[in-house]
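This briefing concerns the arrangement of strands and helices in the structure shown below.

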Amino acid sequence: MFNQLGLIGCGLMGGSFALALKKAGLVKRVIGYSKSPSTVEKARRMGVIDVSAESALLAVAGSDIVLIAVPVAASEGTFKAIRHLVDPGVLFMDVGSTKRDVVDAARRVLKERLPSFVPAHPIAGREVAGIEHADAALYQGRKLILTPLEQTDPVLVQKATDVWSAVGSQVLKMTPEHHDAAFAAVSHLPHLLAFAYMQAMGQQPGGQEYLSLAGPGFRDFTRIAAGDPTIWRDILLSNREEVLKQSAAFRQALDVLEAQMRDWNGPELQRLIQTASDARSQWQLSAPSGPKPTGR
């Protein structure tokens, strides 16, 4: 049980974490801060937070657990705002979709206070953003990646594991570098492709007519293109090296498929499609059977 959660960023991710902790009986009080006063007030009216803070630093004051739920580009500024209250024994976490840039910012700013920071990335979310969409069940049955550093306090790593497990997440651990390479492949590139595809559709003279004819396949393929533009701008820029590597691999695979089409090479085209189809058929979205942590 935590006495107080300091929530910096009262949006979908932060709000859902606060509600999840409350539902699980893990926190007595939540104090929240966001740049937008109207967002903080809405969070208070919804019961997501109990008290509003006028600054990130005041949200940290008196808290024994702190969640930084801001865009990754704002991480360094947030660390600078709160560093004087990053005390030993207090669990500080983020929810950023990239980790190397966040960790580098933490190293630059927190310095000797770095052991209190446990970088985290919940593999959860929605196409809609905002505190009004906060959901206590958002993290249930979802993976949660921790990327602790050598300096990270192991006691706090265990606390982080326990709290995320208690709200229904399956906890995995990996290095920040491994994290960013993996999620460039399975998350960041797919979003980039969806954005590019919708751009291409919109720029065609008959694009609107084509869209009116689209069905479930189009809906499923383009769903993630509705992601928050600010968040995805930051993610793609912060992890650009890994995303560009994955983009190059995708272009190579696309070139091979297109070459078979140009050459009317039906058998080879079918073989490539079959390989992709088999790989997709064998894959399934894994979900834990219960909130037990696993290491990685």
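**Strand and helix arrangement**

Strand β1 (residues 2–8) is paired with strand β2 (residues 27–33) in the parallel sense, through six bridges. The model is predicted. Within this pairing, Gln4 has Arg29 of β2 opposite it.

**Six-stranded sheet**

- The strands follow the order β3-β2-β1-β4-β5-β6 in an open sheet of six strands, and their pairing is parallel.

**Helices across the strands**

- Helix α6 lies across β1, β4, β5 and β6.
- Relative to β5, α6 runs at about 60 degrees.

- Strand β7 (residues 120–122) and strand β8 (residues 143–146) run antiparallel and are joined by three bridges.
- Ala120 has Leu146 in β8 as its bridge partner.
- β8 also pairs with strand β9 (residues 170–173), here in the parallel sense and over four bridges.
- Ile145 has Leu172 in β9 as its bridge partner.
- A right-handed β-α-β unit is formed by β8, helix α6 (residues 154–166) and β9. Helix α6 of this unit is also the helix that lies across β1, β4, β5 and β6.

**Contact of α7 with α11**

- Helix α7 (residues 176–203) and helix α11 (residues 240–262) have axes that come within 8 Å of each other and cross at roughly 65 degrees.
- This angle makes α7 roughly perpendicular to α11, because that class covers 65 to 115 degrees.
- The crossing of α7 with α11 is right-handed.
- On the α7 side, the contact is made by Asp180, Ala181, Ala184, Ala185, His188, Leu189, Leu192 and Leu193.
- On the α11 side, the contributing residues are Glu242, Val243, Gln246, Ser247 and Phe250.
- By class, the residues of this contact comprise eight nonpolar, three polar and two charged.

Notes:
Residues numbered from 1 in each chain as written. Predicted model: local features only at pLDDT ≥ 70, side-chain atom pairs only at ≥ 80, totals over all residues. Heavy atoms only, no water. Axes fitted to C-alpha atoms, helices over the stretch in contact; angles between N-to-C directions. Helix = DSSP H or I, 4+ residues; strand = E, 2+ residues; numbered from the N terminus. Parallel < 35°, antiparallel > 145°, perpendicular 65-115°, else oblique. Left-handed = near helix turned anticlockwise from the far one by under 90°. Contact = heavy atoms within 4.5 Å. Nonpolar A, V, L, I, M, F, W, Y, C, P; charged D, E, K, R; others polar. Pairing = 2+ DSSP bridges. Right-handed = clockwise from strand over helix to strand, strands pointing away.
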